[in-house]
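Good morning, and thank you for making time for this presentation.

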Amino acid sequence: MSGWNLENPVFSSYVFWSGVLAAKMLLMGPITGYFRITRKAFANPEDVAAMGGKDVKTNSDVERVRRAHQNDLENIPVFWVCGLLYVLTNPSLLTASILFRIYASARILHTVFYLRGSFLRGFSYFAGMVVKFFMVGTVLYTFW
């Protein structure tokens with residue numbers, strides 16, 4: 001059985017959790033829009049005119065959402081690569097499922113903590129990094 005085949009339950013788990021992370025990233029755009037509208041903090045003059053604002057401006061809440069989104073853009077694609085290669089190592093379904101769930105949960109919690117201004121976001125970031133390093137280490141060990 002090929003590793004990248006939906007008949008492989010590890011790959012199916014990877015695809016599901018990758019979809020969860022993709023949906024999470026897609027939601028960050030509307031969340032940013034919500035904060036822009038409710039804070040009247042628009043980045044472009046045409047948005048100011050259309051939404052009844054006074055001037056182009058920044059807002060700390062909007063910038064916080066944007067930084068959380070940027071953090072996703074810097075980290076989730078790396079998970080997609082690491083996870084896809086990890087599937088090729090033929091891991092146990094239990095181990096792979098736990099890793100994928102931990103990573104997705106850590107990224108979701110990272111955003112929640114980031115938006116709330118909690119220092120706990122560092123712990124969720126660290127948990128995600130541990131998962132990626134474990135998967136990469138397994139890939140390097142397996143294919144050495």
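This is a predicted model: local features need pLDDT of at least 70, side-chain atom pairs count only at pLDDT 80 or more; totals for chains, interfaces and linings use all residues.

Helices α3 and α4 cross at roughly 175 degrees, and their axes come within 10 Å. The axes are lines fitted to C-alpha atoms, for helices over the stretch in contact, and the angles run from 0 to 180 degrees between N-to-C directions. The helices α3 and α4 are therefore roughly antiparallel to each other. In these terms, angles under 35 degrees count as roughly parallel, over 145 as roughly antiparallel, 65 to 115 as roughly perpendicular and the rest as oblique. On the α3 side, the residues that make the contact include R64, N71, F79, G83 and Y86, and on the α4 side they include T95, A96, L99, F100 and Y103. Contact here means heavy atoms within 4.5 Å. By class, twelve residues of the contact of α3 with α4 are nonpolar, six are polar and four are charged. For these classes, Ala, Val, Leu, Ile, Met, Phe, Trp, Tyr, Cys and Pro count as nonpolar, Asp, Glu, Lys and Arg as charged, and the others, Gly among them, as polar.

Residues are numbered from 1 along each chain as its sequence is written, and side-chain values use heavy atoms, with hydrogens and water left out. The helices are DSSP runs (H or I, at least four residues), numbered from the N terminus, while strands would be runs of E of at least two.

Is A96 buried or exposed? At 0% relative accessibility, A96 counts as buried. Buried means under 20% relative accessible area, exposed over 50%, and partly exposed in between, with a 1.4 Å probe and protein chains only. Apart from its neighbours within four places in sequence, A96 is in contact with V10, Y86 and P91. A96 and P9 are 87 residues apart in sequence, yet their C-alpha atoms are 9.6 Å apart in space.

I turn now to the other partners of α3. The axes of α1 and α3 come within 10 Å and cross at roughly 170 degrees, and these two helices are therefore roughly antiparallel to each other. The contact of α1 with α3 divides into 18 nonpolar, five polar and six charged residues.

How do α3 and α5 pack, and at what angle? Their axes lie 8 Å apart, at an angle of about 20 degrees. The helices α3 and α5 are therefore roughly parallel to each other. Their crossing is left-handed, a term for a near helix turned anticlockwise from the far one by less than a right angle, with right-handed meaning clockwise. Among the residues that meet are N75, F79, G83 and Y86 in α3 and Y125, M129, M135 and V136 in α5. The residues of this contact divide into eleven nonpolar, four polar and three charged.

Two residues of α5 deserve a word. V136 lies in this helix and is partly exposed, with a relative accessible area of 31%. The C-alpha atoms of V136 and G83 are separated by 8.3 Å, although the two residues are 53 places apart along the chain. G122 is also found in α5, which covers residues 121–143, and at 38% relative accessibility G122 counts as partly exposed.

Which residues have the most contacts inside the largest nonpolar core? They are F79, Y86, F100 and M135, in a core of 19 residues. The elements giving two or more residues to this core are α1 (9–39), α3 (60–87), α4 (93–116) and α5, and α1 gives the most, with six residues. A nonpolar core is a set of buried Ala, Val, Leu, Ile, Met, Phe, Trp, Tyr and Cys residues joined through side-chain atoms within 4.5 Å. A second, separate core of seven residues includes M28, A41, V62 and A68.

Finally, two loop residues. K40 lies in the loop between α1 and α2 (45–51), and has a positive phi of about 50 degrees although it is not a glycine. N90, in the loop between α3 and α4, is likewise not a glycine and has a positive phi of about 60 degrees. K40 is partly exposed, at 39% relative accessible area, whereas N90 is exposed, at 67%.
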